[in-house]
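Student: Please show me the sequence and the model, and then take me through part of them.

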Amino acid sequence: MYFIQKAIIATGFVSLPFITFAQDSSALPYNENQIEFDQEMSPSGTATDKYKAIHDISDSVRGIRGVNGIVYWVSEDKGTLSAYEGARLLWRTDVAEAFESDFQQPQIEKLVFASNVIFVLVSKKGFAEINRETGQLGSKQVD
């Protein structure tokens, strides 16, 4: 009986790192399979098949990996834009809320990255600028 208890405890210690790793890998608040790379990640700084300049948000693409590995993630309802460094949330901005008086169900459709701003196309006729460092909504325009 004493030997069985020791064997169970030893097995637990041996498998603990694997259990911890499995929990950490599933802890990301975004899906790595739904991320594409921004052109700023390209060695030449130009868009190619792997690196995009204009990001169309869809069911298959909801995130963009920018410089320094920061992931910009659009919520499932396409209303919120968040920035993550690994699993750590840097900021979250409710873009749809800024356009609620302009559109019935505002949704983020496209993202374009500049050095310190993200240009966000909302519901085909809305446009907003988001500060990449803070997530603060800058100017907003509706055509």
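Predicted model: local features only at pLDDT ≥ 70, side-chain atom pairs only at ≥ 80, totals over all residues.

Tutor: Residues are numbered from 1 along each chain as its sequence is written, and side-chain values use heavy atoms, with hydrogens and water left out.

Student: Where does Asp77 lie?

Tutor: Strands here are DSSP runs of E with at least two residues, numbered from the N terminus. Strand S5 covers 71-74 and strand S6 covers 80-85. Asp77 lies in the loop between S5 and S6.

Student: Is Asp77 buried or exposed?

Tutor: Buried means under 20% relative accessible area, exposed over 50%, and partly exposed in between (1.4 Å probe, protein chains only). Asp77 has a relative accessible area of 52%, so Asp77 is exposed.

Student: How many residues of S6 are buried?

Tutor: S6 has six residues and is mostly covered. The number of buried residues in S6 is five.

Student: How many bridges join S6 and S7?

Tutor: Two strands pair if DSSP finds at least two bridges between them. S7 spans residues 88-94 and pairs with S6 in the antiparallel sense. The number of bridges between S6 and S7 is six.

Student: Which residue in the turn between S6 and S7 has a positive phi?

Tutor: S6 and S7 form a hairpin with two residues between them. The residue in this turn with a positive phi, about 65 degrees, is Gly86.

Key. Helix = DSSP H or I, 4+ residues; strand = E, 2+ residues; numbered from the N terminus.
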